[in-house]
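Work through the exercises below with the sequence and the structure side by side. Try each task before reading its solution.

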Amino acid sequence: VGDPVGARTKNMFGGCFLFIMFTLLLGPLLLFSSLTPYEYPNYVNEASVELNIRTNGKNSYNIFTNARVQSIEPPSQSAWDEMVQAHALQSGDRDLMRRVQMQIYSDQVWAITPPSKSALKAFLETSVNDTSRVVLEMQYKFTRNLTGDAFSKVSTDLNSGNKRILLDMLNCESSANELSVTDMYPGIQRLDSSSAPTPVTDIVSDGTDKFASDIAFGLKDCNKSGESYWYLGNPAHSDSTLFELEEEGDTTGITFYVICERVSMVALHYSVFGFYISVVYLIGRLIRGFTSGMATKVMFTDAPRADVVLAIYDAIALARNDNRFRTEELLYYQLIDLIRSSEEVKYLTKSYAKSRLEQSEKLKSE
């Protein structure tokens, strides 16, 4: 008694208590970080592409719609070795990257009425020689396993030469097989928690983006009424056009390289704010339940000799088992009188101060 509290005792009680408190308060934050063990790759499982022609800034003609994916697989080693030279990519992106290969054909025949087709051709005819804008617009969407869809839209103005090729295709000119557009969409895109993909760029010395992808599209069976349809793909790396390759059985559409992200399963179902309110409320309830009422119990919890009081409890239980209900009630009333008198409890259970002094002297003598 009166001796300084040792460092070991302080660490055991104070240090451990602080450690437990910080663990309870900061531990849940790990569930929302990249260190959580409940983090899973959010891979793409579906994709769709649309191609539209917009004229005069207000009229839109849908020419291609495809929601059929040919394959979704990791990139080849040769493709990755070429891409990883860019500073925007990291070695850890390899496991999260997927190559999304679309089908080349539109899902449906080109459903356009003769008046609408005539209006489109008339606008192209007049816009070839003036500054009227004809915009090629491509929309694409990626559906992921765990979170919502990621979608984006890119567009480019067609020059006079491309307008002429498009007009010739609508007129079923045999010399106009397909139209190629350079740098139409980002070939590599990062899919994070937002709904819009983030392009991965690699600007080379001439100011162009190394990862920007070209497209080529054309109208098939133009002369067959009700059977014509559009196809869309990346330009062939040869002298052949997509139209000619399609005739040979090549049905490869455009390709996307997407870098998926890892997501926490906890973060998908709970917000950080709501989760912390729940945790702090729970911890507060636990601490309150552990500490509340301790002051009213101190006369019994710190009693040096509580055997006398416990003997009354045992006597009440024995009287009930023997069906001596009068004795049971009398003992219960005596227990109530005992609890009401703190001096009598102290007399029966002995002095706490004397007990601590005796223990201290005993420890010193040893």
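**Exercise 1. The chain as a whole**

Count the helices and strands in the protein chain, then find what share of its residues is buried.

Solution. Step 1: the protein chain has 13 helices and 14 strands. Helices (H or I, at least four residues) and strands (E, at least two) are DSSP runs, numbered from the N terminus. Step 2: of the 366 residues in the chain, 34% are buried. Buried means under 20% relative accessible area, exposed over 50%, and partly exposed in between, with a 1.4 Å probe and protein chains only. Step 3: among contacts in the chain with a separation of 6 or more, 68% come from residues 24 or more positions apart. A contact means heavy atoms within 4.5 Å.

A note on the source: this is a predicted model, in which local features need pLDDT of at least 70 and side-chain atom pairs count only at pLDDT 80 or more, while totals for chains, interfaces and linings use all residues. Residues are numbered from 1 along each chain as its sequence is written, and side-chain values use heavy atoms, with hydrogens and water left out.

**Exercise 2. Helix H5**

List the buried residues of helix H5 (residues 160-170), and say which elements they pack against.

Solution. Step 1: the buried residues of H5 are Asn162, Lys163, Leu166, Leu167, Asp168, Met169 and Leu170. Step 3: look at the start of H5, where a side-chain oxygen of Asn159 comes to within 3.2 Å of the backbone nitrogen of Gly161. A polar contact is a pair of N or O atoms within 3.5 Å; within protein, one must be able to donate a hydrogen and the other to accept it, and residues adjacent in sequence count only if both atoms are side-chain atoms. Step 4: after H5 comes Cys172, with a positive phi near 60 degrees.

**Exercise 3. Two helices in contact**

At what angle do helices H11 and H12 pack?

Solution. Step 1: H11 (residues 325-340) and H12 (residues 342-349) pack at about 100 degrees, with their axes 5 Å apart. Axes are lines fitted to C-alpha atoms, for helices over the stretch in contact, and angles run from 0 to 180 degrees between N-to-C directions. Step 2: that angle makes H11 roughly perpendicular to H12. Angles under 35 degrees count as roughly parallel, over 145 as roughly antiparallel, 65 to 115 as roughly perpendicular and the rest as oblique. Step 3: from H11, Leu338, Ile339 and Arg340 meet Ser342, Glu344, Val345 and Leu348 in H12.

**Exercise 4. An aromatic pair**

How are the rings of Tyr185 and Phe256 arranged?

Solution. Step 1: eight aromatic pairs are found in the whole structure. Rings of Phe, Tyr and Trp (its six-membered ring) pair if their centres lie within 6.5 Å; planes under 30 degrees apart count as stacked, over 60 as edge-to-face and the rest as tilted. Step 2: the ring centres of Tyr185 and Phe256 are 5.0 Å apart and the planes are at 55 degrees, so the pair is tilted. Step 3: Tyr185 lies in strand S8 and Phe256 in strand S13 (residues 252-259), so the pair ties together parts 71 residues apart in sequence. Step 4: both Tyr185 and Phe256 are buried. Step 5: ring pairs link Tyr140, Phe142, Tyr185 and Phe256 into a cluster.
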